[in-house]
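Here is a short briefing to keep beside the model as you look around. Please have the structure open and follow along.

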Amino acid sequence: QVPGRLAHLVYLDAFVPRDGESLLDVLQPLARQMTEDASRRSPDGWRVRWPGSTNSGPWPALTPRYSPQPWRTLVQPLALTNPVAAQLPRTYVRCTADKAPGSFDALSLDRSWQRARAGGWRLREIDAPHNGVREAPGAEALLELFPPGR
């Protein structure tokens, strides 16, 4: 809503849906099926734990920052309507530590990485897992990717 106040968008191991797509639309077919299966196992019917989650504690989760994802956030289509925002430069930072071939994290985020590459975005990789990037050795290197004024 305020693209004039932004200079650059950074996607940190994130999904990259196109206009009219939901997050589920960006997943590879197997990852989508795994996510839909996880939603059917939801104890309350409106939240889902990601299939790659290692948190098996009761809901609410044992850690204060981890919580299941509301299902509707996965199926609501994105509406991109601002042409100024569409012109902002972008960088995609891929976390590689949990992207083993065939893993849920690789299957779920590979299409977004490919879209960023095809779109000519600036690309970076860091040796950290998707959910553990804050605690990963060398995570401070993220700050070095984006020096002040860039």
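Let's start with helix H5, where the buried residues (buried means under 20% relative accessible area, exposed over 50%, partly exposed in between, with a 1.4 Å probe and protein chains only) are Phe-104, Asp-105, Ala-106, Leu-107, Ser-108, Leu-109, Ser-112, Trp-113, Arg-115 and Ala-116. This is a predicted model, in which local features need pLDDT of at least 70 and side-chain atom pairs count only at pLDDT 80 or more, while totals for chains, interfaces and linings use all residues. Residues are numbered from 1 along each chain as its sequence is written, and side-chain values use heavy atoms, with hydrogens and water left out.

**Helix H5**

- The buried residues of H5 pack against H1, helix H2 (29-40), strand S4 (90-95) and strand S5 (122-126); helices (H or I, at least four residues) and strands (E, at least two) are DSSP runs, numbered from the N terminus.
- After H5 comes Gly-120, with a positive phi near 75°.

**Overall fold and confidence**

- The chain has six helices and five strands, and along the sequence they follow the pattern β-α-α-β-β-α-α-β-α-β-α.
- Buried residues make up 35% of the 150 residues in the chain.
- Of the contacts with a separation of 6 or more, 65% come from residues 24 or more positions apart; contact means heavy atoms within 4.5 Å.
- The chain averages a pLDDT of 82, and 77% of the residues score at least 70; pLDDT is the predictor's confidence in each residue, from 0 to 100.
- Where pLDDT is low, the predicted coordinates should not be read in detail.

- Asp-13 lies in the loop between S1 and H1, and it counts as buried because its relative accessibility is 1%.
- Asp-13 is not a glycine, yet its phi is positive, at about 45°.
- Most residues other than glycine have a negative phi.
- His-130 sits in the loop between S5 and H6 and, at 26% relative accessibility, counts as partly exposed.
- Leaving aside residues up to four places away in sequence, His-130 touches Asp-13, Cys-95, Asp-98, Lys-99, Asp-105 and Leu-109.
- Asp-98 is found in the loop between S4 and H5, and its 17% relative accessibility is why it counts as buried.
- The C-alpha atoms of Asp-98 and His-130 are 6.9 Å apart, although the two are 32 residues apart in sequence.
- Not counting residues up to four places away in sequence, Asp-98 touches Ser-103, Asp-105, Ala-106, Ala-128, Pro-129, His-130 and Asn-131.

**The loop between H3 and H4**

- Gln-76 lies in the loop between helix H3 (72-75) and helix H4 (83-86), and Thr-81 is found in the loop between H3 and H4 too.
- Gln-76 counts as exposed at 57% relative accessibility, and Thr-81 counts as exposed at 72%.
- Gln-76 touches Glu-21 and Ser-22, when residues up to four places away in sequence are not counted.
- Gln-76 and Gly-20 are 56 residues apart in sequence, and their C-alpha atoms are 8.8 Å apart in space.
- Thr-81 and Asp-19 are 62 residues apart in sequence and 8.3 Å apart in space, C-alpha to C-alpha.

**Glu-36 in helix H2**

- Glu-36 is found in helix H2, where it counts as buried because its relative accessibility is 18%.
- Glu-36 touches Leu-24 and Trp-71, not counting residues up to four places away in sequence.

**The second largest pocket**

- The second largest pocket has a volume of about 400 Å³; grid points are joined across faces, edges and corners, and a volume is the space filled by probe spheres set on the points.
- On a 1 Å grid over the protein atoms alone, a pocket is an open set of points where a 1.4 Å probe fits, with protein on both sides within 12 Å along at least five of seven lines, and lining residues have an atom within 4 Å of a point.
- Its lining has 16 residues, of which Leu-9, Tyr-11, Leu-78, Leu-80 and Arg-90 lie nearest the centre of the second largest pocket.
- Strand S1 (9-12) and H4 each supply at least two residues of the lining of this second largest pocket.
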